[in-house]
Amino acid sequence: MTFLSLNDTFSFSCSKKVPCFNECCRDLNQFLTPYDILRLKHRLDLSSRLFLERYTTQQTGPETGLPIITLKPDNPHKLKCPFVTSSGCSVYEDRPSSCRTYPLMRIASRSRETSKITEQYILLKEPHCLGSEQGRTWTIRKWIEDQEVTFYNVMNDMLLEIIGLKNRLISGPLHFKSRFAFHMALYDIDTFKSHIFEQHILDTWDLDEKTLNTLKNDDVELLKLGHRWIRNILFDNLEQD
Ligand code: SF4
Ligand code: SF4
């Protein structure tokens with residue numbers, strides 16, 4: 001396995017003209033991050049709960065107690081993505097981060113000392129994908145820019161940070177109540193919104209009216225708050241070195 005950094009190059013082109021068009025969307029093993037879900041549920045104009053029920057398989061990591069959410073294939077035997085059509089991806093502008101990053105896979109880690117994120121990439125070479133034979137040369141940086149994945153990475157790194165804290169500070173699977181809160185705040189954003197406003201959870205947070213209004217109307221800001229809330233309820237009483 002070769003690790004690549006942002007200035008390294010690879011060859012790849014993908015379009016409707018490639019002979020393998022859509023093949024990558026017919027062999028699904030697609031993990032979804034909280035921000036992937038937010039984008040898709042907006043795209044489909046669904047509540048987060050309905051999106052999760054209709055389009056995902058939800059499991060819990062046996063060792064960690066953390067949610068593992070994957071896209072549910074249209075036909076489980078053929079593993080076809082529910083969003084692929086004969087003319088391509090029907091949710092293209094809001095496709096998940098791993099679809100955007102492909103044929104690369106991003107591996108990020110966060111320094112405990114400096115909190116800085118380090119990222120590396122792996123070039124996936126799968127037999128069904130003929131894109132590397134089509135030849136345009138990219139730097140990794142240019143690909144990330146072209147696929148508009150930078151903001152996805154920023155949001156996904158917030159999840160990475162919480163998972164890192166969980167692994168460092170809490171051994172074994174999360175307790176049921178923490179699991180429920182984690183799932184709600186990060187994956188089921190509409191239920192989270194109702195919960196925090198109906199239960200007056202933010203009353204102790206000293207937020208001004210403008211911020212509260214933003215949280216009511218901007219799901220990206222709400223999701224960022226969801227990450228802070230989870231940090232707060234899971235780790236604030238635990239010693240962090
Ligand atoms: S979301 Fe779109 S790009 Fe991703 S697997 Fe499904 S159809 Fe393909
Ligand atoms: S080149 Fe690869 S990414 Fe593009 S359609 Fe073919 S299999 Fe999918």
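Author: In this predicted model, a residue is called buried if its relative accessible area is under 20%, exposed if that area is over 50%, and partly exposed in between.

Reader: What makes the contact between Arg 43 and Asp 94 a salt bridge?
Author: A salt bridge needs a side-chain nitrogen of Lys or Arg within 4 Å of a carboxyl oxygen of Asp or Glu. The closest N and O atoms of Arg 43 and Asp 94 are 3.1 Å apart, and therefore the pair meets that condition. The two residues come from distant parts of the chain, for Arg 43 is in helix H1 (residues 34–43), while Asp 94 is in the loop between strand S6 (88–89) and helix H3 (97–101), 51 residues apart.

Reader: Why is Arg 43 put in its accessibility class?
Author: Arg 43 has a relative accessibility of 33%, a value that lies between the limits of 20% and 50%, so Arg 43 counts as partly exposed.

Reader: How many salt bridges are counted in the model, and why does the one between Arg 49 and Asp 188 tie together separate parts?
Author: The count comes to 14 salt bridges. In the one between Arg 49 and Asp 188, the closest N and O atoms are 3.6 Å apart, which is within the 4 Å that the definition asks for. Arg 49 lies in helix H2 and Asp 188 in the loop between helix H6 (176–187) and helix H7 (189–198), so this pair joins parts that are 139 residues apart in sequence. As for accessibility, Arg 49 is partly exposed at 45%, whereas Asp 188 is buried at 5%.

Reader: What makes Lys 80 and Asp 74 a salt bridge, and which residues are joined into one network by shared partners?
Author: The side chains of Lys 80 and Asp 74 come to 3.4 Å, N to O, and because the limit is 4 Å, they form a salt bridge. Lys 80, at 24% relative accessibility, counts as partly exposed, and Asp 74, at 47%, counts as partly exposed too. The network of salt bridges that share partners consists of Arg 39, Arg 43, Glu 93 and Asp 94.

Reader: Why are Phe 51 and Tyr 55 classed as they are for accessibility?
Author: Phe 51 has a relative accessible area of 0% and Tyr 55 has 19%, and because both values are under 20%, both residues count as buried. Tyr 55 also forms a tilted aromatic pair with Phe 83, at 4.9 Å centre to centre and 45° between the planes. This second pair links distant parts of the chain, with Tyr 55 in helix H2 and Phe 83 in the loop between strand S4 (67–71) and strand S5 (84–85), 28 residues apart. Phe 83, at 4%, is buried.

Reader: Which ligand has Phe 83 among the residues around it, and what kinds of residue make up that shell?
Author: Phe 83 is one of the residues around ligand 1, which also include Cys 25, Cys 81, Cys 89 and Cys 99. This shell divides into 7 nonpolar residues, 1 polar and no charged.

Conventions:
Residues numbered from 1 in each chain as written. Chains lettered and ligands numbered in written order. Predicted model: local features only at pLDDT ≥ 70, side-chain atom pairs only at ≥ 80, totals over all residues. Heavy atoms only, no water. Near = heavy atom within 4 Å. Nonpolar A, V, L, I, M, F, W, Y, C, P; charged D, E, K, R; others polar. Buried < 20%, exposed > 50% of the residue type's maximum accessible area, 1.4 Å probe, protein only. Phe/Tyr/Trp six-rings, centres within 6.5 Å; stacked < 30°, edge-to-face > 60°. Helix = DSSP H or I, 4+ residues; strand = E, 2+ residues; numbered from the N terminus.
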